[in-house]
Amino acid sequence: MKIINIITVHYKNISSTKKLIKNILESNSKKYVSLIIVNNSNEDISTEELYLAVNNIDLDYKILTPEKNIYYWGGANFALDYLSKKNDKFPVWTIVCNNDILFDNQFFSQLISENPKDFPVIAPRIFSEENNRDQNPYLLTPLSLLYKIYFRLYILNKWITKIVYILGRTVNLMVIKQQKQRGGKKQKTIYAPHGACVIFSNYFFDNGGYLDTGFDMYGEEISTAEISRNLGMNITYMPEFLVRSEEHTSELQSRRNLVCRLLLLKKKFQLLFFLVI
């Protein structure tokens, strides 16, 4: 078993998957790395292209193909199940990332020098090619009592539209304010990591950590945050770990995605919203 295992999810976009594979192969520390590609595409052409892309590569890899599209976080958990059944322990480091992520050349050598117990979950610097900004920290802190009041009203009585609308606008301003605080040059403890690339140590999984798949799309950031917090584990933003993201998402779409994440999680974590943080 390699020290570092990368899990990525492929869905039709073979170009990004090829770039990721090439990026890993060009690393000076590829000998420490294995790759699991979860093939969520059931199209024959896309699957054929994927197998051609890994043909004769000098890398420890595995392609897993679920019976249907189980989306990003479900695909990552599918790979974790495979790892746990194949081995009696998890790799020291497990990286879950989109297939449009590219790792800095020193990324893996830096990672193996860290103590996994000290950093159960790491949020790296995710440099967006789209807007030249760091996508982490996703959220520095929970959105406090106002956030929970907003969802409490939403859950209890969907007809209180005016109050929900006013609180919703205020919550949105709080989210935008936090997004403006992304980036930085120093390590810091944060609430939620961006889901495009998250690093988990074996300490996280060995001590009750897991990937929540109770949703199809969105939700991985806040579910990871709540699971870590309930286990008393820190999530650390570490800008020295640099990756580049080629995802093309507008700022408006990013905010809409966050709203979708919160709405899809409201039922799953509604009990948490009633408790004072």
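Helices, of at least four residues, and strands, of at least two, are runs assigned by DSSP and numbered from the N terminus. I keep to this numbering throughout the entries below, and I note that the model is a predicted one.

**Entry 1: a loop residue.** I looked up Asn56 and found it in the loop between α2 and β3. Asn56 is not a glycine, yet its phi is positive, at about 65°.

Entry 2: I then turned to strand β2, residues 33-39, and strand β3, residues 60-64, which pair in the parallel sense over five bridges. Together with helix α2, which covers residues 44-53, β2 and β3 make a β-α-β unit that is right-handed.

**Entry 3: two packed helices.** Two packed helices are described by the angle between their axes and by the distance between those axes. I looked up both values for helix α1, residues 14-25, and α2: the angle is about 15° and the axes are 10 Å apart. Angles under 35 degrees count as roughly parallel, and therefore α1 is roughly parallel to α2. The crossing of α1 and α2 is right-handed. On the α1 side, Ile14, Thr17, Lys18 and Ile21 make the contact, and on the α2 side Glu49, Leu50 and Ala53 do. I sorted the residues of this contact of α1 with α2 by class: four are nonpolar, one is polar and two are charged.

**Entry 4: a cis peptide bond.** Which form does the peptide bond from Asn136 to Pro137 take, cis or trans? I found this bond to be cis, with omega near -10°. Pro137 is in the loop between β7, residues 133-134, and α5, residues 144-156.

How values were computed:
Residues numbered from 1 in each chain as written. Predicted model: local features only at pLDDT ≥ 70, side-chain atom pairs only at ≥ 80, totals over all residues. Heavy atoms only, no water. Pairing = 2+ DSSP bridges. Right-handed = clockwise from strand over helix to strand, strands pointing away. Axes fitted to C-alpha atoms, helices over the stretch in contact; angles between N-to-C directions. Parallel < 35°, antiparallel > 145°, perpendicular 65-115°, else oblique. Left-handed = near helix turned anticlockwise from the far one by under 90°. Contact = heavy atoms within 4.5 Å. Nonpolar A, V, L, I, M, F, W, Y, C, P; charged D, E, K, R; others polar.
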